[in-house]
Amino acid sequence: MGVTGPIRVVVAKPGLDGHDRGAKVIARALRDAGMEVIYTGLHQTPEQIVDTAIQEDADAIGLSILSGAHNTLFAKVMELLRERDAADIKVFGGGIIPEEDIPPLKAQGVAAIFTPGATTTSIVEWVNANVRQPAEA
């Protein structure tokens, strides 16, 4: 595709969830692994997240959801990406997400879900293996 530079990831906290420590830890781990990270802050709407991802030419969106609204919020982000012809942006997420909710989320197009206990190393490795590879220096 001719895309160069580091992988660009938008890390977002959609909805009313007010706890962002995990999102900040993931953002820092991705940054420390050489990725460009755009952290959107708390209380973002799906529209704001998708707008940011498109404006920032992101390769991926990482959603952190602890509020229990994961089914609604992931679905809306995926829908908006399709509507905006940006379905090539990979979406992954983490938080308090019951195991039985993971298959339906993946069926909607969410590429990966990381539940409590996932290591930052495993998330960085997944992003490196599954999102656009950075250009060789």
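Reply: The contact between helices H1 and H5 is formed by Val25, Ile26, Ala29 and Leu30 in H1, which meet Thr120, Ile123, Val124 and Val127 in H5. The model is a predicted one, and the description below should be read accordingly. The axes of H1 and H5 come within 10 Å and cross at roughly 55°. An angle under 35 degrees would count as roughly parallel, and one from 65 to 115 as roughly perpendicular; H1 and H5 are therefore oblique to each other. The crossing in which H1 passes H5 is right-handed.

Helix H5 spans residues 120–130, and its buried residues are Ile123, Val124, Trp126 and Val127. These residues lie on the same side of H5, because they cover an arc of only 160° around the axis. Glu125 and Ala129, on the other side of H5, are exposed. The partners of the buried residues of H5 include H1, but also the strands S1, S4 and S5.

Helix H1, residues 21–32, also packs on the sheet. There H1 touches strand S1 (8–12), S2, strand S3 (60–65) and S4, and the direction of H1 makes about 160° with that of S2.

The sheet itself is open and has five strands in the order S2-S1-S3-S4-S5, with parallel pairing. Strand S2 (36–39) and strand S5 (112–114) have a single partner strand each, so one side of each is left without a neighbour in the sheet. From one strand to the next, the twist averages 20°.

Arginine 8 in strand S1 deserves a separate remark. Its relative accessibility is 19%, and arginine 8 counts as buried because the limit is under 20%. Beyond its neighbours within four places in sequence, arginine 8 is in contact with Glu36, Ile38, Glu56, Asp57, Ala58, Asp59, Ala60 and Arg132.

A further buried position belongs to another helix. Histidine 70 lies in helix H3, which covers residues 70–83, and counts as buried at 3% relative accessibility. With neighbours within four places in sequence left aside, the residues in contact with histidine 70 are Ile65, Ala75, Ile96, Ile97, Pro98, Asp101 and Leu105.

To return to the part in question, H1 and H5 meet at an oblique angle, with Ile123, Val124 and Val127 of H5 among the residues of the contact.

Conventions:
Residues are numbered from 1 along each chain as its sequence is written. This is a predicted model: local features need pLDDT of at least 70, side-chain atom pairs count only at pLDDT 80 or more; totals for chains, interfaces and linings use all residues. Side-chain values use heavy atoms; hydrogens and water are left out. Helices (H or I, at least four residues) and strands (E, at least two) are DSSP runs, numbered from the N terminus. Buried means under 20% relative accessible area, exposed over 50%, partly exposed in between (1.4 Å probe, protein chains only). Contact means heavy atoms within 4.5 Å. Two strands pair if DSSP finds at least two bridges between them. Axes are lines fitted to C-alpha atoms, for helices over the stretch in contact, and angles run from 0 to 180 degrees between N-to-C directions. The arc is that of the directions from the helix axis to the C-beta atoms. Angles under 35 degrees count as roughly parallel, over 145 as roughly antiparallel, 65 to 115 as roughly perpendicular and the rest as oblique. A crossing is left-handed if the near helix is turned anticlockwise from the far one by less than a right angle, and right-handed if clockwise.
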